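Hello,

Here is the structure I said I would pass on. My notes follow it.

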Amino acid sequence: MQRNAVSMMDARLRIDVDRFSARVAGSIFSPAVATLALAIFLLLSGSATSAQSAHIPHGTLELISENSAITPGHDFTIGLEFKMEHGWHIYWENPGDSGEPPHVTWQLPKGLTAGEIKWPAPRKMGASTIVNYVYDGDVLLMAPIRVGADYSASTPDKIEAAVKFLICSDQMCMPGKAQVSLAAPAKAQGGQDAGTAAIFAAARARLPKPAPPNWKVSGHKEKDSFVIDIQAGQPISQGYFFPLNESQIDNSAPQVAASLPTGLRLTLRKSGELTKPIGILKGVLELPSGEAYLLNVPIKFAGPQ
Amino acid sequence: MKRSAIFSVGVFISAALFSLATPLVFSAPKVGELAPDFSATASNGKTYHLADFRGKFVVLEWHNNGCPYTRKHYESGNMQRLQKEWTAKGVVWFTVISSAPGTQGFMTADAENAYMGKMNAAPTAALLDASGDLGHLYDAKTTPQIVIINPQGVMIYDGAIDDHATSDASDIPNSKNYVQEALTSAMAGKPLAMSATRPYGCSVKYADASH
């Protein structure tokens, strides 16, 4: 989902006014005038959070918030919104045969802590011998923010992220580095930001879900492969397994999917880089419907007797 | 065809059997097996034949001079240090450029010679593999990926240059360099601590990268 042009302009304008008010406050205008200007502006813009999109190689990056203000004791979600030109991609948590996932260093006001990034299901991309797990187009990498009950507005009241990433096309790769920020004032009540609600909803829909409770997932090792069985109570015709850890399965080997009367069997070739036996194979199973599930597959040493 | 004129592949027999059936998903050479033979033309105009280097250690270093991970090791001087140290100890070091024409890192012979001069690079030679045949023969996936072949012609290492899969040169002093470790151990007749690691970096920019 795209943010509309008006709200994007709002965001940029807000930044300019914030800067203006900060500058004039210390100069010839009285603080009261500046405060009034800011108040009028905030009234016009209708939202209190402000973000600025950064230019990155072949795209933009913006830090956005699901809530329009920070409320003490109420956790909320922020997200790094990458918008990439056609033909360019960034990488999933496990990038596959090459590449590197984005790295974020948060700089947060006192009283806020950031949780782990929630990675949407990636897209498999690749030639026959090099396979990668990527995002292209627009993607929102969400992170939960914990807000202490005693959180109070501090100065500067700003959430910042230093982001490092690799962005590639089929022909080349470029390093990306950006500093993005979001001003979010503390308020007694901070509801959902209408301008970003749709983006967050769309991003949540792309997150892998926990496996349904009625599923039974098991796996065993064969000479060159892992065989995983998903008993789901009904046949599943197809599926693709995105490994969460590197060097466990061979990314470029074709995955063999066989429909079972009550589920799906996937045969995955072991990685040549696998040096130790693994007890659990973690990954994301994507079904033809586009639904994605987190799987923790216990691996037995021998096949079913 | 031009590519067969500059490049001929004498594939190790078992690999040939696989490659006949499905050329692009054939079983990649594995550590512990004989390294597939090749001959390739370098930027210095000479042709190098792997089989001629029996009795020496051979390093293959996949290279793309625009790739941020390759630049990490060249702009810091790390790669050149390794090249100088080990070629001085008798190792044959081939930089391999498998970028297709029009992709990042593709080099003509003249451009590569100028680049190596500017960077003080010191490999034995830079092999120009624009067809990607040598890259595919070794199933090279990234730049920089490193393969080490022992004096008996056996592949003893395949993987990353070090244990920090980043493009940040400030990580180099804190990294365990697998090439340094592998060559030091192998020359001392000791087993290698790590012989197959996940190579990191940019994907090799093959002509047939169809996404």
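Subject of the notes: a sheet and a contact surface

In chain B, B:Leu60 has B:Val147 of β8(B) as its bridge partner. The model is predicted, so local features need pLDDT of at least 70 and side-chain atom pairs pLDDT 80 or more, while totals for chains, interfaces and linings use all residues. Residues are numbered from 1 along each chain as its sequence is written, and chains are lettered from A and ligands numbered from 1 in the order written.

The two strands involved are β4 (residues 58-62) and β8 (residues 146-149) of chain B, which pair in the antiparallel sense over four bridges. (Strands are DSSP runs of E, at least two residues, and helices runs of H or I, at least four, numbered from the N terminus; two strands pair if DSSP finds at least two bridges between them.)

Both belong to an open sheet of five strands in chain B, with mixed pairing and the order β6-β5-β4-β8-β9. Because β6 (125-128) and β9 (155-159) of chain B stand at the edges with a single partner strand each, one side of each has no neighbour in the sheet. From one strand to the next the twist averages 20°. (Axes are lines fitted to C-alpha atoms, for helices over the stretch in contact; angles run from 0 to 180 degrees between N-to-C directions.)

Helix α7 (residues 178-187) of chain B lies across β4, β8 and β9 of chain B, at about 170° to β9(B).

Between the chains, 22 residues of chain A are in contact with 29 residues of chain B (contact: C-beta atoms, placed from the backbone, within 7 Å). On the side of chain A that touches chain B, β12(A) gives the largest share, three residues.

Regards

Notes: Contact = placed C-beta atoms within 7 Å.
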